[in-house]
Amino acid sequence: MVKSKIRRGYRIARYIVYKETLVDSVENFWSFAGAFLGVGLIAFLQSTLSESDNLFLIGSFGASAVLIFGAIQSPLAQPRNLVGGHVISALLGVSICQLFPTIIWLTAPLAVGLSIISMQITKTLHPPGGATALIAVIGSEKIKDLGYWFVLTPVASGVCILLAVALVFNNLTPNRRYPTGRRFSKTFKWVIIPTQKIMKRMRVKRQVV
């Protein structure tokens, strides 16, 4: 009896490990392509509009790209979390920096801590949001000089670019669906449905050929 349970547990564990370590080259390609285009568009804006400082390409966008292109099933990667997490955290970070501009030992932890609480309350928890709040208080003088413009650009503008790319690239194959919630899928159906139709037609053409 004990041996049979051990064997059964071993088989289940082996199956889970095997399944989790499978490499799907097609899915990996779309993850790479989406992240490349999303971050690339923001970097293009950076190189075109401001060569002196990274005012558009902030580090937290890289972390967001990992979530929305590499872990699209995660609740933390959904559009509500992506947009709300960054914007709320940016607002808090800028506000705290305005109140205590020179007390870094207070502003840094306060910005991150309050951003976490605010994201939890609003159900927009997005880990890179904490980095956005931190950038608002420890960034360069040019970033601090932006004041609340920091919330609109680079944060809101960059997030919109990432979201637009994610809505397209995360619905290009039958195995990918973004957003995962039906309610949010209906909200963005104007992007999702046309994308799925185009990919379906392409698959049919390949089969015919």
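Biologist: What's the relative accessible area of Ile103?
Modeller: Ile103 has 27%, so it counts as partly exposed. That label covers the range between buried (under 20% relative accessible area) and exposed (over 50%), with a 1.4 Å probe and protein chains only. This is a predicted model: local features need pLDDT of at least 70 and side-chain atom pairs pLDDT 80 or more, while totals for chains, interfaces and linings use all residues. Residues are numbered from 1 along each chain as its sequence is written, and side-chain values use heavy atoms, without hydrogens and water.

Biologist: Where does Ile103 lie?
Modeller: Ile103 is in the loop between α4 and α5. Helices here are DSSP runs of H or I with at least four residues, strands are E runs of at least two, and both are numbered from the N terminus.

Biologist: How far apart are Ile103 and Val137?
Modeller: They're 34 residues apart in sequence, and their C-alpha atoms are 9.7 Å apart in space.

Biologist: Zooming out, how many helices and strands does the chain have?
Modeller: Ten helices and zero strands. The chain has 209 residues, and 39% of them count as buried. Of the contacts between residues at least 6 apart in sequence, 69% join residues at least 24 apart.

Biologist: Let's switch to α2. How long is that helix?
Modeller: α2 has 25 residues and reaches 36 Å from first to last C-alpha, close to the expected 36 Å. The expected span is 1.5 Å times one less than the number of residues.

Biologist: Which α2 residues are buried, and what do they pack against?
Modeller: Glu27, Trp30, Ser31, Ala33, Gly34, Gly38, Ile42 and Gln46 are the buried ones, and they pack against α3 (60–70) and α8.

Biologist: Why does Gln46 count as buried?
Modeller: Because its relative accessibility is 7%. A polar atom of the Gln46 side chain also lies 3.0 Å from the backbone nitrogen of Phe56.

Biologist: And α8, why does its length agree with expectation?
Modeller: Its 21 residues (149–169) should span 30 Å at 1.5 Å a residue, and the end C-alpha atoms are 29 Å apart, so the two agree. α8 does bend, by about 30° at Ala156; the bend is the angle between axes fitted to the seven residues ending there and the seven starting there.

Biologist: What kind of peptide bond joins Thr153 and Pro154?
Modeller: A cis one, with omega about 25°, and Pro154 lies in α8. Tyr178 and Pro179 are also joined by a cis bond, with omega about 0°; Pro179 sits in the loop between α8 and α9 (182–187).

Biologist: One more: what's the phi of Lys123?
Modeller: Lys123 has a positive phi of about 60°, although it's not a glycine. Lys123 is in the loop between α5 and α6 (128–138) and is exposed, with a relative accessible area of 63%.

How values were computed: A polar contact is a pair of N or O atoms within 3.5 Å; within protein, one must be able to donate a hydrogen and the other to accept it, and residues adjacent in sequence count only if both atoms are side-chain atoms. Contact means heavy atoms within 4.5 Å.
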